[in-house]
Amino acid sequence: MNQRQFNILYQLTKEAEPITGSEFSQQFQVSTKTIYKDIEQINLYLKDCPAYVQKKSSVGILLCYQGFSREKLLAELKKSPYFSEINGVADLRALHLLVDLLLHTQVDILDWSMEHYISEATVRRDLEEIDRLFLPHSVTVQRLNGGIRIEGDEETIRNISRNYFLDCQFLSNETVQNLLITNGELEETLHHIRQCLTKFHFTIQDGYRDYLLLDMLLVKTRSRINKHIKKVKKFNLSNKRMMEVYLLARELLGGLVEEVFEGEIVVLAEALITFGNYEQLYFQSNSPIKRITRQLIQGVGDMLGLDLLQDQYLEQMLLNHIPAMIMRLKNRMKIKSVVTEEVKREYSVLYHVIWLSSHVLKDQFLVELTDTEVAFLTIHFEIALEKLGRPMKIYVVCPHNLATSELLMSQVKRLTGYYQHIFKVECDELYRLNFNSYDLLISAVQLDNVSFPYMHVGSMMSKSDKQLIQNHFLRYSEENVWLEDILPSEEEKQQIMLKKLLGHSIFLNEKQGNSYACIDRLIEATSNVNSQNPQFKESIFRREKMGVTSTYTGIALPHADPKEVEVSELVILTLDRPIFWGQNLVKVVILIAISEQDIDMYKNALLSIYKKVDSSSYIDSLWKSKHLEEFYHRLFSEVVFDSI
């Protein structure tokens, strides 16, 4: 048989109804006489099978079976070299129809049949093939007023279409590519994917590159007709790998479409977890931004009491992330994400620590960080903190071949991350090990008569082997989160925030004659952007005229109008001797200057101080402090309230 004859036979196996000779002649652009000769040749091919092609006058051509199932014949045909040619013209046409349904909100049956020189009945037969794809998944091909369209869950539509394209060898067939992709679009999309994967040091497993490319092409195609995955799945913040790939997924999509929907990001992130991994990172950036990045890391580490500068992975990921973030902020491109509120809720302490430390970015680049941008930074730091928990201990039993052993070790490292403890074990060492101390045992050698559990993989790991290892690693990661031991408590968080507000602005045993002199001294000690703003100073004195800010316990709390505050801060004075502030004798003064945007963030920290100022003994202990260390100790100490 030639290719055309094979295509005719294959189409007949797929159709339950007869097809006329004229329909075949239109499809293949040959005469009806040629089609009938093809039928004779097909019957010669089928002579050893209990099946034959029959021509029925005024009815058409159909395939008849005599004790030989359609499935068996299809299985035989799929072994043919002709099958690789997109499984016949009928399948190519059905594929073309599916692509048009993906490209347009609706396709007109008459127009489509005329464009492809086939009857409307043939189009409807092609639709049956598409129906078979979608119906088991609650997606329908609707017929309405002579038109057809796909209706159903967008994620399901894309998954089914992608898998169908892969089965049809979509990316290796230029004819099929041209159905979905405009000139240069394939290379453009590939280039963008490579750029993002290189930037994030992310590797896609063999066999999944086409999977990712098709997903990206479907995102572009469907977005053109405003079809998006808008339904957002719950984002699993306990899954460290999910948080890593979330930012990569956002960047991959951001380079393809104008508007990125949260549902699209989460779906792509889940796919990336399945078929990709981060590589071992190395430094290759000499950008000036590196200095600011290290300042940010050090600032966060100092507040948490941790040395995070040793984490090269964290530094490299921030070097990737921060330049794009700065560009977004400078161009006032405010992005929104459902992740923001989840991060603020789940990692409240870390979120606020990063917000406080991010002033280095604000000062250097003159930008205002948004909640969402701080949430993205929090994701990077949370990943770094998770690694401070107990690493996974993995034994890998390798075959004696050196090259195969090194390949296996490399694959395991890529699947689980380079900060796990991974040990290569020879077969003869196996029985001397303490297997109570390992978290995972992987063996490329079949182990007989062993009592301990292990995971058997091939020397060249299959996709299913890799998936099993990744699933085990993800379960381990979720069960071994030690953040509660690393992050400060809520009380410690308030202390961190107060220290941040105070900076170096605590002045002990100051000599001041009256309240106005005290306020002038306090303003002088504030940051330049506040102290040099006349409205800032005016708002403090205006508040004093409205009513005295001192209390009977010996403290005064003058404060600025939040609208006039550029930088949030506190300044504290203790006086060498008490002075009258209104009708009260005051010995400790705290200037409160909180900007409008920071009120919610610092509210609880300030309340922790407000709750204590009704204690005369507490104020007296602050006043008597001889040095800063003693003052801080007393500032955060428990309060004993005076008895009435």
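## A buried serine in a loop

Ser550 is found in the loop between helix H26 and strand S13 (555–556). Please keep in mind that this is a predicted model. Is Ser550 buried or exposed? Its relative accessibility is 11%, and since buried means under 20%, Ser550 counts as buried.

What does Ser550 touch, leaving aside residues up to four places away in sequence? Its contacts are Ile555, Ala556, Trp581, Asn584 and Val586. The side chain of Ser550 reaches the backbone oxygen of Trp581 at 2.7 Å, and it makes a polar contact with the side chain of Asn584 at 3.0 Å.

Helix H26 covers residues 534–546, which makes 13 residues. At 1.5 Å a residue, H26 should span 18 Å, and its end C-alpha atoms are 19 Å apart, so the two values agree. At the start of H26, a side-chain oxygen of Asn533 comes to within 3.2 Å of the backbone nitrogen of Gln535. The buried residues of H26 are Phe536, Ser539, Ile540, Phe541 and Glu544. Their cover includes helix H24 (515–524), helix H25 (528–531), strand S14 (569–581) and strand S15 (584–593).

Which residues of H24 are buried? They are Ser515, Cys518, Ile519, Arg521, Leu522 and Ile523. Among the elements covering them are strand S12 (506–510), H25, H26, S14 and S15.

## The chain as a whole

Now for the wider view. The secondary structure of the chain comes to 29 helices and 15 strands. Of its 644 residues, 53% count as buried. Among contacts in the chain with a separation of 6 or more, 71% are between residues 24 or more positions apart.

## Nonpolar cores

In soluble globular proteins, nonpolar side chains tend to be buried together. Here, the largest nonpolar core has 99 residues. Leu272, Ile322, Leu361, Ile379, Phe381 and Leu635 are the ones with the most contacts inside it. Apart from this core lies another, of 25 residues, including Leu95, Ile118, Ile130 and Leu214.

Not counting residues up to four places away in sequence, Ile379 touches Met243, Tyr246, Leu247, Val339 and Val343.

## Aromatic pairs and charges over rings

How many aromatic pairs does the structure hold? There are 5 aromatic pairs. One of them joins Tyr246 and Phe376 in a tilted arrangement, 5.9 Å centre to centre with 55° between the planes. Tyr246 lies in helix H12 (residues 240–254) and Phe376 in helix H19 (residues 371–386), so this pair ties together parts that are 130 residues apart in sequence. Another tilted pair is Tyr351 and Trp355, at 6.1 Å centre to centre and 40° between the planes. These two are 4 residues apart in helix H17 (residues 348–357), so about one helical turn separates them. Tyr351 and Trp355 are both buried.

Lysines come up beside aromatic rings as well. Lys55 lies over the face of Tyr36, at 4.8 Å from the ring centre. The charged end of Lys499 sits over the ring of Tyr632, 5.7 Å from its centre.

With a relative accessible area of 8%, Thr372 is buried. Its side chain makes a polar contact with the side chain of Thr340, at 3.0 Å.

Arg125 has its place in helix H7 (residues 120–134). Is this arginine buried or exposed? Arg125 is buried, with a relative accessible area of 11%. Not counting residues up to four places away in sequence, Arg125 touches Glu15, Pro18, Ile19 and Glu23.

Terms used. Residues are numbered from 1 along each chain as its sequence is written. This is a predicted model: local features need pLDDT of at least 70, side-chain atom pairs count only at pLDDT 80 or more; totals for chains, interfaces and linings use all residues. Side-chain values use heavy atoms; hydrogens and water are left out. The expected span of a helix is 1.5 Å times one less than its number of residues. Buried means under 20% relative accessible area, exposed over 50%, partly exposed in between (1.4 Å probe, protein chains only). Contact means heavy atoms within 4.5 Å. A polar contact is a pair of N or O atoms within 3.5 Å; within protein, one must be able to donate a hydrogen and the other to accept it, and residues adjacent in sequence count only if both atoms are side-chain atoms. A nonpolar core is a set of buried Ala, Val, Leu, Ile, Met, Phe, Trp, Tyr and Cys residues joined through side-chain atoms within 4.5 Å. Rings of Phe, Tyr and Trp (its six-membered ring) pair if their centres lie within 6.5 Å; planes under 30 degrees apart count as stacked, over 60 as edge-to-face and the rest as tilted. A charge sits over a ring if NZ of Lys or CZ of Arg is within 6 Å of the ring centre and within 35 degrees of the ring normal.
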